[in-house]
Amino acid sequence: MVCLCIAIGAMLSLALPDLVTMETCPSAGTPGLPGIPGLPGRDGRDGETGEKGVPGVLSGPGQRPDEGQKGEPGVKGAVGKPGRSGVRGEEGSPGPEGPRGEPGESGSAGSQLHSAFSVARGTAIPPEKASVIRFTSVITDVNKDYNTETGRFRCRVSGTYYFVYHASSEERLCLLFKLDGSSLASFCDLMYGVKNRQVSSGGLAAYLRKDQEVWLETNDYNGMTGKPEGNSVFSGFLLYPH
């Protein structure tokens with residue numbers, strides 16, 4: 001501070017004679033030398049925050065800003081809860097036919113095949129001689145194989161069958177088992193001088209192919225009856241399909 005005052009005083013002492021001369025002399029003097037620069041002032045206060053600027057304009061029409069570099073993958077998050085079931089779609093069209101299956105075990109198909117019948121003759125009038133005996137009253141007929149109109153059993157399932165008859169008679173009686181016109185066996189009950197009703201029976205097993213027919217037939221001895229107190233019955237059933 002002292003030095004500053006000395007400097008200022010020296011400057012004033014140098015300029016004072018000129019000032020006296022200017023006051024006493026009417027003519028203008030020579031300009032003085034520039035003064036010494038002053039000391040730097042203190043920093044000013046911060047100004048107020050300015051308003052937000054207008055967003056920049058893209059470099060050209062239709063252009064997009066350059067994308068930054070791809071960041072590193074983040075950490076895998078926890079598994080979320082299952083979502084709701086969607087709407088059931090429409091049923092698709094049928095697929096192509098699959099390959100043919102393997103053959104089944106032996107006997108598996110045949111075990112589902114059945115055939116059995118039992119029919120009775122409900123008239124006291126003997127059948128005609130040398131003719132097919134018609135049993136008109138059906139007791140049971142699983143597959144409708146016995147025809148009451150023709151008196152014949154038609155085979156629908158090939159295999160071994162067993163046939164049996166029980167005949168009520170008051171006179172001599174002979175019966176023939178027929179298979180497609182061929183005689184398989186004959187049974188006769190020849191009574192002489194007997195007034196009471198007699199019962200005779202017979203049976204056999206035979207192999208039949210599909211559509212073959214079996215029936216009972218009389219010869220000249222046709223004394224079969226079918227009274228309520230003594231029916232005549234014809235039965236048959238499948239033993240083993242083949």
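Which residue in S2 does Ser118 stand opposite? Ser118 stands opposite Thr140. The model is predicted: local features need pLDDT of at least 70 and side-chain atom pairs pLDDT 80 or more, while totals for chains, interfaces and linings use all residues. Residues are numbered from 1 along each chain as its sequence is written, and side-chain values use heavy atoms, without hydrogens and water.

**Strand S1 and its partners**

Strands (E, at least two residues) are DSSP runs, numbered from the N terminus. Two of them pair if DSSP finds at least two bridges between them. S1 (residues 116–121) and S2 (residues 137–141) are antiparallel, with 4 bridges. S1 is also joined to S9 (residues 232–241) by 6 bridges, again antiparallel; there, Val119 has Phe234 as its bridge partner. Of the 6 residues of S1, 5 are buried (under 20% relative accessible area; exposed is over 50%, partly exposed in between; 1.4 Å probe, protein chains only).

**Aromatic pairs**

The whole structure holds 15 aromatic pairs. Rings of Phe, Tyr and Trp (its six-membered ring) pair if their centres lie within 6.5 Å; planes under 30 degrees apart count as stacked, over 60 as edge-to-face and the rest as tilted. Two of the pairs are listed below.

| Pair | Centre to centre | Angle between planes | Class |
|---|---|---|---|
| Phe135 and Phe234 | 5.7 Å | 40 degrees | tilted |
| Tyr165 and Phe187 | 5.7 Å | 65 degrees | edge-to-face |

Phe135, in the loop between S1 and S2, and Phe234, in S9, are 99 residues apart, and both are buried. Tyr165 is buried because its relative accessible area is 3%, whereas Phe187 counts as partly exposed at 22%.
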